[in-house]
Each structure stands twice: as C-alpha cells, then as structure tokens.
Amino acid sequence: MAAAAAGLSWRRVSSFTGPVPRSRHGHRAVAIRELVIIFGGGNEGIADELHVYNTVTNQWFLPAVRGDIPPGCAAHGFVCDGTRILVFGGMVEYGRYSNDLYELQASRWLWKKVKPQAPSTGSPPCPRLGHSFSLYGNKCYLFGGLANESEDSNNNVPRYLNDFYELELQHGSGVVGWSIPVTKGILPSPRESHTAIIYCRKDLGSPKMYIFGGMCGCRLNDLWELDIETMTWSRPETKGTVPLPRSLHTANVIGNKMYVFGGWVPQSAGGEISAHDGEWKCTGSFSYLNLDTTEWIGLISDCQEDKSNLLPGPRAGHCAVAVGTRLYIWSGRDGYRKAWNNQVCCKDLWYLDTEKPPAPSQVQLIRATTNSFQVKWDEVPTVEGYLLQLQADSPMPPAAGIPGTGVPETSVLSPQGGSSLHQSPQSLPSVPYPEMKVDHPSQTNNVIPNNVQVSLSSNSLLKVEGKEKVAAPENKITHETTKNHADATGFKESNAPSLLPACTSSPQASANVGELHDLDKQTVNPDASVSSTVSSTQTMVTQQAVKTESSSTNGAVVKDETSLTTFNSKSEAAETAYVMPSTRVSSGQTNDSHSSKTPQRPPVKARDRQWYDVGIFKNNSAVVSQFYLLPEETLNISNKMESADVPDYRLLKKQDLFPGTVYRFRVAAINGCGVGPFSKISEFKTCIPGFPGAPSTVKITKSVDCIHLSWEPPASPSGNILEYSAYLAIRSTQLQENPSQLVFMRIYCGLKTSCIVTAAQLSNAHVDYSSRPAIVFRISAKNERGYGPATQVRWLQDMKTSSSK
C-alpha cells in the first residue's frame with residue numbers, strides 16, 4: 001500500500017461531536033495548544049463563522065464571538081501569536097478584495113479591527129488575496145498575492161504581486177504599523193497561492209523565511225530564502241526531487257522539516273509537464289524539505305492512487321495545521337480535470353503523527369498504600385495512550401513470607417521525593433467549552449479493561465472494542481503505614497531511615513497542591529489525593545492561590561542539629577529506555593483473578609533488573625496494584641534485549657505489589673508512529689503496616705524575624721503519636737560537591753504540632769533550585785513502631801530573596 005510504502009500512518013477522524021462546519025476551500029487554520037481554529041473560506045458563498053475543533057475531545061464548537069466581527073473572507077492571511085490571532089486581507093466577495101486587519105483575542109473570543117500606521121515610505125499594502133502572512137517574534141511578514149487592477153469588482157483584472165511588508169505588533173494586543181524593509185538580493189517573482197514558513201536552526205540561530213511555489217499565470221515550484229536578520233533574498237540549492245509546480249497547497253514546519261501537501265499541479269502528458277495553458281489536476285502528493293540540509297524527500301507521489309482510504313484524497317485550497325508533532329488536514333477543493341464551476345469540496349478530517357512522541361515527565365506519586373500506588377504524569381499532546389512499566393527491587397519478594405524480604409534499606413528517592421502533586425495545566429486560559437464529563441484521577445482507573453482489544457491505530461484516542469470495565473479505586477484506605485524511621489529498620493535514629501511514601505489523609509480530599517510563597521498565612525494539604533485537578537479536556541486554567549510545593553517523601557533525616565546526613569538522588573545515567581517501533585499495538589488484560597506466585601530468585605545486578613508492564617493507559621494517571629510477569633524464558637534477559645513489541649497481556653500472569661517494597665516506575669507515550677522514549681525513573685516504596693502516616697495541612701505564617709510552622713496529625717496515626725520532628729535543608733559543602741544531595745538539620749522535636757523557625761536557622765537554609773527557588777522543610781511523626789514518612793514542603797522564594805541567601 002502507498003501508506004505503508006511511505007512509512008506513514010494517516011488516520012481519518014470518524015468520530016466527532018458538535019456542529020461540523022460545512023466543507024469549503026480557501027479557509028485558514030491555526031492551532032492554540034490542543035485547539036484548531038478555522039476561519040473563512042468559501043463554498044456556495046464565503047463563510048464568516050469561526051469554528052474550533054478540540055483535538056483531545058474530538059469536539060467541534062462555535063464560540064460566541066463579539067466585538068468588531070469581520071466579514072467572511074477567503075484566501076486571507078491568518079497567523080497566531082500566543083492566544084491572539086491576526087487576519088489580513090482576502091476576498092470578501094467575487095472580484096472584491098480586502099486590506100483590513102483584524103485581531104481576535106481567543107482567550108475572550110473578542111474581535112477588534114486594528115488600524116496600523118502607514119509605512120514612513122510608500123503606501124500600505126493594497127487589497128489582495130492569496131498572499132502569505134508569516135509571524136516571527138513580534139513581526140508579521142507579508143509577501144505577494146493577487147490584486148484586482150480594475151475598480152469594478154465585476155471586471156476582474158488580475159495583477160500578481162511580489163511586494164514585501166513588515167508589520168510590527170504591540171505586546172499582547174494591537175499593532176504598531178507597516179514598514180517596507182530594504183532587502184538585498186533578487187526579490188522572488190510575483191505570485192499568489194504560494195506558501196511561506198519561517199524556520200530558525202538551533203545551531204545557527206538565524207531565522208529564515210522560505211517561500212515555495214504559487215501561481216503567476218503558470219504554477220511554480222521554486223524555493224526562495226530570506227535571511228530575516230540581514231534581509232537578504234537568495235535561492236538555496238536543494239537536493240532530492242523537487243515537488244511538481246503547484247499552488248493552493250499547504251506547508252507546515254514540524255521540527256526541522258517543511259511538510260508540503262496537495263494543491264493544483266500541472267497535468268503531465270507522457271512524462272512532460274503541460275505548457276502554460278495546459279491541463280491541471282488536484283493532487284494528494286506529500287513531501288517534506290529538510291530545512292537543515294535543504295533536501296527534498298517525497299513521501300506520497302502525484303501518481304500514487306490509494307483506493308483503500310488509507311490516505312487523504314487529492315485536494316487544493318485545504319487547511320493544514322500542526323498540533324505538536326501531529327499534522328491535521330481538513331476539507332479543501334476536490335477534483336480531477338474538473339471545470340472551476342463544477343468543483344466539490346472534501347468533508348474529511350485527517351491527521352498524521354510525524355514522529356514518535358517525546359518522553360513524558362517523571363511518574364509522580366499521588367498516594368500509596370501497603371499494596372498499591374496512585375500515580376500520575378504530565379500529559380503529552382496528541383498521543384493515544386501510555387505504556388507504564390515498573391521495576392521491583394531485586395530480588396523480587398516471594399509470593400508468601402515476610403513482606404519486603406530482601407529489600408535493601410538504603411534505597412533512596414530523588415531530592416524532590418517523588419510525590420509532588422504540583423499541577424501544571426496546559427490548556428488555553430479562559431476559553432469556554434461545551435459541557436463535558438471530566439474523569440478525575442480519584443474517580444476512575446483508566447487502565448484498558450480486561451479482555452478488550454485496543455487499537456492504537458484508530459482515531460485520536462484509544463478505541464475500546466468490547467464492554468468497558470472501569471476499576472474504581474478503594475473508597476476506604478487503611479492508613480497503617482508509611483516510612484519506617486529508625487525503629488523499623490534497625491538503624492539508629494541519627495542514621496538515614498528507609499524510604500517509604502505516605503498514604504493519603506483522605507481519598508476524597510481535594511487538593512491542588514502548589515507552593516508557599518512569602519505570604520502572611522497559607523495552608524497546604526500536602527498528602528491529599530488529587531481529586532479535583534484541572535482536566536486536560538478543559539481550557540479553563542485556575543490560578544494557583546497556594547504558593548507551595550509539598551509532598552510526602554522520605555528524606556534522610558537526623559536527630560539533632562549536630563548530626564547531619566545527606567539525601568541522595570538516584571543516578572539514572574545507566575538506565576536504558578527502549579523504543580517500540582510498531583505503529584499498531586494490541587493489548588488486552590488477562591481475566592485471571594489469581595496473582596501468580598513468583599519463586600524467589602538470587603539477587604541480580606541493578607543493570608540487569610527486568611522492567612515489567614503495568615499496562616497501557618488511555619489517560620495520564622493510574623492506580624497500580626499489580627503488574628504483568630514476563631514469560632519464564634525472558635526473565636534472565638537484560639534490558640538491552642528487551643522485546644520490541646508490547647506482549648499480549650491476556651497470556652501473562654499478574655503479580656501483586658508487596659508492602660515495604662521499593663518500586664521504580666517509568667512511562668512512555670504512544671502515537672501513530674509507535675512507542676516513544678521512556679521518562680526518567682521515579683522510585684517509590686509501598687507502606688509498611690503499623691507506622692504513622694505523614695503529617696498534613698502544613699501552614700506557614702511569616703513574622704518579622706521568624707516563621708511559624710504548623711501541621712495537623714497524620715490521618716492514619718496507627719497508634720499514639722509519641723513525637724514529631726521537623727527538619728530544614730541547610731547549606732553544606734557536600735551540596736557543592738554533589739548538588740543532587742540535600743542535607744537536613746532537625747529544628748524541632750516534640751509533641752506539639754507547631755514550631756518556630758528562627759531567623760538564625762533560616763539564614764543557614766539551602767535554597768533549592770531544582771525547580772523554582774524554594775526553602776525545603778520536612779515533618780514526620782513517630783509512634784510505637786517508629787517514624788513514618790516525612791511531609792516535604794517547598795517554601796517558594798522570590799528571585800531577590802533567593803539570590804541574597
């Protein structure tokens with residue numbers, strides 16, 4: 001098949017909701033995060049509606065726009081600067097073109113007509129269509145187009161343009177004015193319906209604008225380059241086969257490639273391209289230009305006819321827009337040797353993943369119990385699922401016997417702990433959406449259900465064939481555990497304890513746990529489950545009122561101010577993530593309700609530890625209580641020999657998690673190109689029964705010469721609390737030698753749930769720059785069994801404060 005030969009995996013979107021716009025051509029599109037915004041175009045009249053497609057939810061909707069709403073237009077300029085969109089020119093009716101400039105503030109769906117100043121030399125741009133309008137920095141670059149020489153719109157006398165203008169924008173809203181840059185070199189020939197993109201190489205750093213093709217009585221396939229810094233035009237030499245001359249095509253930059261799709265091309269006869277007035281056809285050809293090497297690579301040729309609907313059909317005047325590394329194509333004029341007045345328009349929406357997805361963020365811990373974790377990670381745009389894997393501490397604990405047997409007590413976490421709940425919503429601010437159902441991490445486990453085939457080559461989200469089986473998390477969690485401090489390990493209290501994450505204070509507790517700044521009084525619930533976080537399917541972003549990052553972690557903590565210890569981060573340099581090349585992944589989960597029993601094996605070296613699949617998940621959170629065991633014959637294969645394909649989970653046995661056991665997690669995203677690289681490794685430990693949970697609801701009140709630190713007792717004390725200890729990360733020479741180590745000093749020990757941190761103690765504090773500048777505190781509780789996990793709080797410092805420390 002043509003698609004397979006090209007190594008492409010085009011997907012046609014067949015399931016969507018909302019008011020689908022009528023098919024058209026001459027429209028334009030831009031992307032604001034996950035939203036595709038389409039304006040204008042024509043088909044039995046010029047369209048004046050603004051349509052929005054949400055690529056995550058597969059929803060079309062018509063936002064309620066207001067302000068100076070522009071008339072409908074086609075073949076106009078359309079660029080996006082943050083959350084504002086600029087529209088310039090275009091055809092407003094047959095033979096009548098525009099040179100008006102409009103601005104849309106997409107955060108409020110507010111239109112405004114703007115009037116830029118005229119150039120200091122020369123006239124402003126004349127009314128036109130088919131021009132290019134490109135944004136770089138705070139400037140838009142206008143080139144060429146088609147003007148009507150006649151004042152009578154019914155008497156269309158075309159004039160092809162090659163004038164070049166620069167439009168300076170004001171920050172946020174509004175424009176300054178037009179200017180006519182003085183350029184060097186030979187200006188490209190006049191043309192319309194060409195494409196222009198701007199690309200800046202990482203190594204050279206000089207932005208370049210590339211103009212390709214267009215129409216000037218005949219179709220063109222010449223490539224022009226403008227160095228924006230020196231304003232010099234040139235004709236770059238290219239390698240490879242140059243695409244056929246074309247117009248009404250699209251060009252989009254993804255990475256270092258300019259992808260060119262479709263358009264009108266001359267009809268070839270006997271291998272010869274027809275003359276100036278010869279026949280032409282609509283094409284579905286697809287190529288890219290490597291902008292670093294200026295080499296053309298053909299992906300779908302003009303002569304390839306795909307009868308299987310695996311490729312977008314031939315079209316021109318369509319729109320194409322990049323959302324992350326995914327290319328979307330919608331509508332456009334269809335036709336093959338048809339007269340202009342007998343054209344039809346496509347009604348289809350397609351997308352193509354151009355490369356494997358990037359690695360997700362590290363897995364973060366939301367809560368832990370004695371035999372489960374609730375974890376999450378940041379969303380990766382335009383992916384179809386996530387492969388979550390874990391690695392048990394070696395040797396794996398036996399199915400029966402003492403929990404945690406053989407688990408080294410010297411395991412450590414990252415300096416941040418690994419259970420940060422700080423949220424980073426990635427959606428468009430203040431963009432209203434139609435009502436939709438939001439699934440929160442605490443409400444559902446999004447693991448693909450048992451005995452279900454999952455086709456990752458379906459539309460933009462996983463297609464589940466079969467009856468959905470939703471596994472809800474436990475409503476009641478027995479908080480009997482967490483980190484055993486000194487007593488549980490046999491270490492003395494002044495030594496580093498073993499590390500266990502905290503159980504949550506309440507599975508239904510709501511938290512957008514953030515960071516504490518220099519505010520007079522703020523409250524944090526550090527180890528509550530995240531049950532009301534902003535959904536990725538929403539575009540409303542709530543501002544974080546809380547200004548701390550806090551997490552339940554397991555620090556190396558000490559008994560008094562004279563005894564110091566360090567907190568080591570795990571080295572990940574030797575960890576190797578493997579990539580799965582297949583573009584289709586089928587998975588189903590076994591319905592075997594019995595956990596398999598694994599015989600105890602001799603210890604293995606860290607580099608030879610085996611990664612086990614937890615499963616493939618549709619969303620970016622999971623409740624993990626089991627994982628899949630690999631077939632016996634693969635158990636001794638090292639990571640370098642890992643299988644390149646996701647196994648059939650129905651054939652594998654499952655293993656329960658054990659109390660007091662260290663587990664390492666990594667996650668990879670999946671799209672139409674396959675499984676991407678794995679995230680960095682996070683390490684958590686299941687709780688041990690009998691130890692207290694982590695203190696919660698930390699409050700910091702700032703005074704003139706000190707701060708007041710207070711907290712609430714653990715929700716699961718597992719007995720009487722004998723004392724609390726509070727610790728402060730301090731500056732140390734060890735930190736200079738190894739910045740990944742934190743050194744803590746105990747600043748309080750007693751039964752009270754509060755303490756004073758003096759100015760003298762704060763003057764010795766270490767400011768942690770691993771994310772935003774912050775002073776780090778840890779608080780832990782002790783019962784008859786020993787110390788539980790420490791709750792870590794990062795008190796944010798402004799740059800002036802932190803720089804003076």
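Predicted model: local features only at pLDDT ≥ 70, side-chain atom pairs only at ≥ 80, totals over all residues.
**Entry 1: a salt bridge to start from**

I then checked where the two residues sit. Asp222 belongs to strand 17 (residues 219–227), while Arg191 is in the loop between strand 14 (175–179) and strand 15 (195–200), so the pair ties together parts that are 31 residues apart in sequence. Are Asp222 and Arg191 buried or exposed? I noted both Asp222 and Arg191 as buried.

**Entry 2: other salt bridges**

I asked how many salt bridges the whole structure holds, and the search finds 21. I looked at some of them.

Asp292 and Arg201 meet through their side chains in a salt bridge of 3.4 Å, N to O. Asp292 is in the loop between strand 23 (280–290) and strand 24 (295–300), and Arg201 is in the loop between strand 15 and strand 16 (207–215), so parts that are 91 residues apart in sequence are tied together by this pair. I read a relative accessible area of 29% for Asp292, which makes Asp292 partly exposed. Arg201 also counts as partly exposed, at 24% relative accessibility. I also found Arg11, Arg326, Asp353 and Glu384 joined into one network by salt bridges that share partners.

Next I took Asp100, which forms a salt bridge with Lys113; their closest N and O atoms are 3.7 Å apart. Asp100 is in strand 9 (residues 96–105) and Lys113 in strand 10 (residues 110–114), so I have a link between distant parts of the chain, 13 residues apart. Asp100 is partly exposed, with a relative accessible area of 29%. For Lys113 I noted 34% relative accessibility, again partly exposed.

I turned to a sheet of 4 strands, which is open, has the order 1-29-26-25 and is paired antiparallel. Which strands are at the edges? I found strand 1 (10–12) and strand 25 (319–323) there, each pairing on one side only. Neighbouring strands of this sheet are turned against each other by 25 degrees on average, direction ignored.

I followed strand 25 to its partner. Strand 25 pairs with strand 26 (residues 326–330) over 5 bridges, in the antiparallel sense. In this pairing Cys319 stands opposite Trp330 of strand 26.

**Entry 3: strand 32**

I checked how covered strand 32 (residues 385–392) is, and 8 of its 8 residues are buried. I sorted its residues by direction: Gly385, Leu387, Gln389 and Gln391 point one way, Tyr386, Leu388, Leu390 and Ala392 point the other way, and all are buried.

Then I looked for the partners of strand 32. Strand 42 (residues 662–671) pairs with strand 32 in the antiparallel sense, over 8 bridges. Ala392 stands opposite Tyr663 in strand 42.

**Entry 4: cysteines**

How many disulfides are there? I counted 0 disulfides, taking a pair of cysteine sulfur atoms within 2.5 Å as the rule. I looked up the accessibility of two cysteines as well. Cys200 counts as partly exposed at 28% relative accessibility, whereas Cys706 is buried, with a relative accessible area of 15%.

Methods. Residues numbered from 1 in each chain as written. Heavy atoms only, no water. Pairing = 2+ DSSP bridges. Helix = DSSP H or I, 4+ residues; strand = E, 2+ residues; numbered from the N terminus. Axes fitted to C-alpha atoms, helices over the stretch in contact; angles between N-to-C directions. Buried < 20%, exposed > 50% of the residue type's maximum accessible area, 1.4 Å probe, protein only. Salt bridge = Lys/Arg side-chain N within 4 Å of Asp/Glu carboxyl O.
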